Amino acid sequence: MSCQIHISVQEAEFDLSAVNRAISADRTDIGAIVTFSGLVRDFNEKPDVLALTLEHYPGMTEQALEEIAQEAAERWPLQAVHVIHRVGRLTPGDPIVLVAVASAHRQAAFDGCNFVMDFLKTRAPFWKKENTRHGDYWVSERSSDAAAARRWKEGDV
Amino acid sequence: MTQRANNPVSDLHPEGFTHIDAKGEASMVDVTEKAVTAREAVAEAYVEMQPETLRMIVSGEHKKGDVLAVARIAGIQAAKKTADLIPLCHPLMLTKVKVELTPELENNRIRIETLCKLAGQTGVEMEALTAASVAALTLYDMCKAVDKTMVISGTKVLEKKGGKSGHWQMASDSASVQQDVSQAEVSLQATNEATQGSSVVDVRFFAGLREALGCEQISVPLDSDSLTLAEVKELLITSHADWAEALSAKNLLMSVNQQMAKASAEVKAGDEVAFFPPVTGG
């Protein structure tokens, strides 16, 4: 059975339970859905984050997410991969990203979800600008994100 | 980092009129150092007339012939002559001029919409306005024998793309607004259209790099069949010395036609290239 892939880059908030329902609608072969929700923190490189603005590269971003989801579906027996990423202005506490991965068994769903997030962080063209009490700045990359993505290549997971 | 800040001698008018210098004298703006980008402007004008005049034009009964076709050609010709008519306007190599005339029977008028495009260093709104104005004058000229009460009105710029000021569009309530194009797909479409059939590569910049360069999009002319991404970057630095530092950042990412690419990747005419900082989503 082919993997159902759904990608969305949007300004609107997403509904976690609606995504879960959409994945499992009209089928009973799914044994596990692992979802990851990322939220906007009020502290990052600097404290007092008031808001952040997310920029993306329309076209390329969606394509990159699609490729990451496809690659996950090639590595594990996945039944669905849904990725929703928000853009525009967000404030602390707002949900920013949702990855939902379905499989017959939990391990593949956990690994697939982890993999999609690691590569989303390092390959999908999104950029965050944080607005703090001390001014605005573009968030810089984290070496821990690059390392997290690399471990999938080295096969030590 | 504006282009103005690069001018060695600041002879600009303190209040921002670009065509009058600090001494109050008319002067043509020096655009030598300005970036070559895909530019586009849309303008409109209306010619109001008696219902009978409009009916005659639409039905093709006018004794001077096809009024709309003549006005359309007049508008296109006029766009090409703009620099001869407007004293401080730069002569431009237009790559596209479109004039559309739409009879609006319910409003007893003809709407004229014009579009001018080029890849160049200065905007094309004067060309679009001139095309609209002359198309309107031609309509008047062809119909004045039957209707002397015609009114030319509403001549204005509707939209402008490309260059330092990015994408500007007349707001629907007629007040002007500056639009942020960082996420507007419309600018991407404009790029693709403008590069078709010409030997340029369209280069886009994102996020912190876009802000550091003060540029979102630029066309790079190709002097050979293909270049590597590294060579495109060199060309940009050669033409914009002040971009050297930002473009030399070791961690810069690159893409060709929206696929991540290495510095050695080949780039051909019509390709879309982008440079951007490491990604920070999620």
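How many helices and strands are there in chain A? In this predicted model, for which local features need pLDDT of at least 70 and side-chain atom pairs count only at pLDDT 80 or more, while totals for chains, interfaces and linings use all residues, chain A holds four helices and eight strands, where helices (H or I, at least four residues) and strands (E, at least two) are DSSP runs numbered from the N terminus. Along the sequence these elements follow the pattern β-α-β-β-α-β-β-β-α-β-β-α. Residues are numbered from 1 along each chain as its sequence is written, chains are lettered from A and ligands numbered from 1 in the order in which they are written, and side-chain values use heavy atoms, with hydrogens and water left out.

Of the 157 residues of chain A, 49% count as buried; the term buried stands for under 20% relative accessible area, exposed for over 50%, and partly exposed for what lies in between (1.4 Å probe, protein chains only). Among the contacts in chain A with a separation of 6 or more, 79% are accounted for by residues 24 or more positions apart, a contact being defined by heavy atoms within 4.5 Å.

Aromatic pairs were assigned to rings of Phe, Tyr and Trp (its six-membered ring) whose centres lie within 6.5 Å, with planes under 30 degrees apart counted as stacked, over 60 as edge-to-face and the rest as tilted. By this rule, eleven aromatic pairs are found over all chains. One of them is the stacked pair of A:W127 and B:F206, with 5.2 Å centre to centre and 15° between the planes. This pair joins two chains, because A:W127 lies in strand β7 (residues 126–132) of chain A and B:F206 in the loop between β7 (200–205) and α5 (207–213) of chain B. A:W127 is buried, at a relative accessible area of 1%, and B:F206 is likewise buried, at 2%. A:W127 also forms an edge-to-face pair with B:F276, at 5.1 Å centre to centre and 65° between the planes; this pair too crosses between chains, from strand β7 of chain A to strand β13 (residues 272–276) of chain B. B:F276 is buried, with a relative accessible area of 0%. Ring pairs link A:Y57, A:W127, B:F206 and B:F276 into a cluster.

Charged groups were also found over rings, the criterion being NZ of Lys or CZ of Arg within 6 Å of the ring centre and within 35 degrees of the ring normal. The charged end of A:R41 sits over the ring of A:F43, 5.4 Å from its centre, and that of B:R109 sits over the ring of B:Y46, 4.0 Å from its centre.

Side chains of opposite charge can pair when their charged atoms come close. With a salt bridge defined as a side-chain nitrogen of Lys or Arg within 4 Å of a carboxyl oxygen of Asp or Glu, 19 salt bridges are counted over all chains. In chain A, the side chains of A:R133 and A:D48 meet in a salt bridge (4.0 Å, N to O), which links distant parts of the chain: A:R133 is in the loop between β7 and β8 (135–138), and A:D48, 85 residues apart from it, is in the loop between β2 (32–39) and β3 (49–56). A:R133 is exposed, with a relative accessible area of 60%, whereas A:D48 is partly exposed at 32%. A further salt bridge is formed by A:E71 and A:R123 (3.5 Å, N to O); A:E71 lies in helix α2 (residues 60–75) and A:R123 in helix α3 (residues 106–123) of chain A, so the pair ties together parts that are 52 residues apart in sequence. Both side chains belong to partly exposed residues, A:E71 at 23% relative accessibility and A:R123 at 30%.

Between the chains, B:E211 and A:K129 meet in a salt bridge (2.7 Å, N to O), from helix α5 of chain B to strand β7 of chain A. B:E211 counts as partly exposed at 38% relative accessibility, while A:K129 counts as buried at 17%. Salt bridges that share partners join B:E44, B:R111, B:E113 and B:K156 into one network.
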